[in-house]
Amino acid sequence: MKAIEFNSLWILISLLCCQLLNTAEHEDVVKHAIKLHRGKGAAVTQRKQWVLENCRKLSGLLRQKTVVLNKLKNAIRSVEKDLGLSDEEKLFQVHTFEIFQKELNESENSVFQAIHGLQRALQGDYKDVVNMKESSRQRLEALREAAIKEETEYVELLAAEKHQVEALKNMQHQNKSLSMLDEILEDVRKAADRLEEEIEEHAFDDNKSVRGVNFEAVLRVEEDEADSKRNISKRKVEDDLGLSMLIDSQNNQYILTKPRDSTIPRADHHFIKDIVTIGMLSLPCGWLCTMIGLPTMFGYIICGVLLGPSGLNSIKSIVQVETLGEFGVFFTLFLVGLEFSPERLRKVWKISLQGPCYMTLLMIAFGLLWGHLLQIRPTQSVFISTCLSLSSTPLVSRFLVGSARGDKEGDIDYSSVLLGMLVMQDVQLGLFIAVMPTLIQAGASTYSSIVMEILRILILIGQILFSLAAVFLICLVIKTYLIGPYYRKLHAESKGNKEILILGISAFIFLMLTITELLDVSMELGCFLAGALISSQGHMVTEEIMSCIEPIRDFLAIIFFASIGLHVFPTFVIYELTVLLFLTLSVVIMKFVLAVLVLSLILPKSSQYIKWIVSAGLAQVSEFSFVLGSRARRAGIISREVYLLILSVTTLSLLLAPALWRAATMKCVPRPERRSSI
């Protein structure tokens, strides 16, 4: 049976190769192939008849294709010689003929590719998985290329059809007199066509040949409402508007970011529904947490859990929701900077600089020790330790809203120390992101190149320190020469109109954010410095701006904490509850103890009591570990299991943080200060 299949394959290949011969030779080749097949002992008469008929059909198709190609060449020559056609019409007709020629050649090539693929499959070893995988990859590449060619041809046919319709309209207009309105509309139509040609970017054609671009198979899913009951016209309209969703083979979902036709306004209805749903569900969740004595942010996190992948899975635009939530972090840190004046920063700058550095080094040392005992790679140990050493600035900022502060002369305010250390951790975050790729390469390098890798790390650290110096120099210039006149101008223009004030302050926040980003420093630090610069203008300025920005901050903070809930997986926590509780308590206790130890060494004796409060504020893991963990998982630094453990420990530590903070403030804040806060 295998011999018969191989002989049939040989016959088809020989017939396909005969297209290079003259037309008259096709019949002889077919007869010769049949004789060869009979000589190998084909047993069934029907088999002989089938081979004869199909060979004749294939030979006839090849002859017809040759005849049609000759006719198309003659037609192209006659069109080019026709003096009655305009140059544009000649180009159109010639292009149409060339499209048909391409269709014939591609159809013939697809037959060759199918035969060659069958030949490779028959010659391969069915036990060799690598060989079958390579064959599958080659077929996939061929299909992708064929899909791209077919898509290009389809677009060309659409353009030809459009040109044909326009030519028909022009002929109709020439045969009848046009009214003034028709002439105006015709001019507008031509101008609109020119506009579409000018703004169209041809992104597909420009990027498909770029190095590193891959062709992928995707599924196009219509809106949920696009079922069988909807009429065809409405479906066609939505198809033109690009309201579908694309899903690739890796289950990533994509939405439209920039349409081909930019003249039609569009809206992402998935994103609108997601924000509306989060806003409605956040109210009862936050209300419930307030009634039982928990911070409202836990209600917002619970809202994200209920709507996210581990709950109802109703949030479609997860990336867009997280992006909008980042603005909640920006405005939160701006308001923190408003309350954290440069004078107070100057008072605790040594503690803010030394504390996070010592804590990070101690966390890395403990991580390397445990990693050596558990046989974990050093790079993975350093990464996990650095992630766990960071604390949540937005969460602590919410704790400090309305908290009592010691303003006595000579006394150090625990909120100033805590916020200063958190700002330094944000700087460390930017430094860690910049240094980590080189550190990973150093861990994988040989001993002879370790010195060079250390030098590269030191150079990167020097660049970050230089960027920080440049940022603070820019802040000094802005504080001395620009911020005063800028605010006075905003205040004068915004009398009776708060829009100018809100827009001006937001623009200043985004300016500082952009400056720090361009200098490779964290954007969060830029937002904090923007608030600190404005707070230097006085208490009245701070109060006015805070009253305008706080409502915006509150709404965006709801989105931010809900986006954190999207990455909380209760089922995983329940399955591994014992392990996760042990790990979370170990991390929280270790961070608390290390913070107490470090602060005991760097705080003055008169302010030793605040070390317990500051340590309680630092004894949780920052939500930025979600971002770092996702990057590390994509880079192959950590496994999927370690990534889920980091997410779960971070979430549980954030849930424990309010209880620890409340206990520390109740026990350690002096009584007169506690009474003043009631």
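A residue counts as buried when its relative accessible area is under 20%. Keep that in mind for the views below, which all come from a predicted model.

**View 1**
Buried residues account for 39% of the 678 residues in the protein chain.

**View 2**
In general, the strands of a sheet pair through backbone hydrogen bonds. Strand 2 (residues 245-248) is joined to strand 3 by two bridges, and these two strands run antiparallel.

**View 3. Phenylalanine 331 meets phenylalanine 510.**
The model holds seven aromatic pairs, and this view shows one of them. The ring centres of phenylalanine 331 and phenylalanine 510 are 6.3 Å apart and the ring planes stand at 85°; because planes over 60 degrees apart count as edge-to-face, this pair is edge-to-face. The pair links distant parts of the chain, with phenylalanine 331 in helix 11 (residues 318-339) and phenylalanine 510 in helix 18 (residues 498-518), 179 residues apart. Phenylalanine 331 is buried, at 5% relative accessible area, whereas phenylalanine 510 is partly exposed, at 32%. Phe331 and Phe510 also belong to one aromatic cluster together with Phe327 and Phe330.

**View 4. Tyrosine 414 pairs with tryptophan 661.**
This aromatic pair is tilted, with 6.3 Å from centre to centre and 55° between the planes. Tyrosine 414 lies in helix 16 (residues 414-444) and tryptophan 661 in helix 25 (residues 640-668), so the pair ties together parts that are 247 residues apart in sequence. Are these two residues buried or exposed? Both tyrosine 414 and tryptophan 661 are buried.

**View 5. Cysteine 303 sits without a disulfide.**
How many disulfides does the model contain? The count is zero. Cysteine 303 is in no disulfide, and the nearest cysteine sulfur, that of cysteine 285, is 5.2 Å away. A disulfide needs the two sulfur atoms within 2.5 Å. Cysteine 303 is buried, because its relative accessible area is 0%. Cysteine 527 is buried too, with a relative accessible area of 0%.

**View 6. Threonine 360 and its contacts.**
Threonine 360 is found in helix 13, which covers residues 349-374. With a relative accessible area of 12%, threonine 360 counts as buried. Which residues does threonine 360 contact, leaving aside its neighbours within four places in sequence? Threonine 360 is in contact with Ser389 and Gln428.

Methods: Residues are numbered from 1 along each chain as its sequence is written. This is a predicted model: local features need pLDDT of at least 70, side-chain atom pairs count only at pLDDT 80 or more; totals for chains, interfaces and linings use all residues. Side-chain values use heavy atoms; hydrogens and water are left out. Buried means under 20% relative accessible area, exposed over 50%, partly exposed in between (1.4 Å probe, protein chains only). Helices (H or I, at least four residues) and strands (E, at least two) are DSSP runs, numbered from the N terminus. Contact means heavy atoms within 4.5 Å. Two strands pair if DSSP finds at least two bridges between them. Rings of Phe, Tyr and Trp (its six-membered ring) pair if their centres lie within 6.5 Å; planes under 30 degrees apart count as stacked, over 60 as edge-to-face and the rest as tilted.
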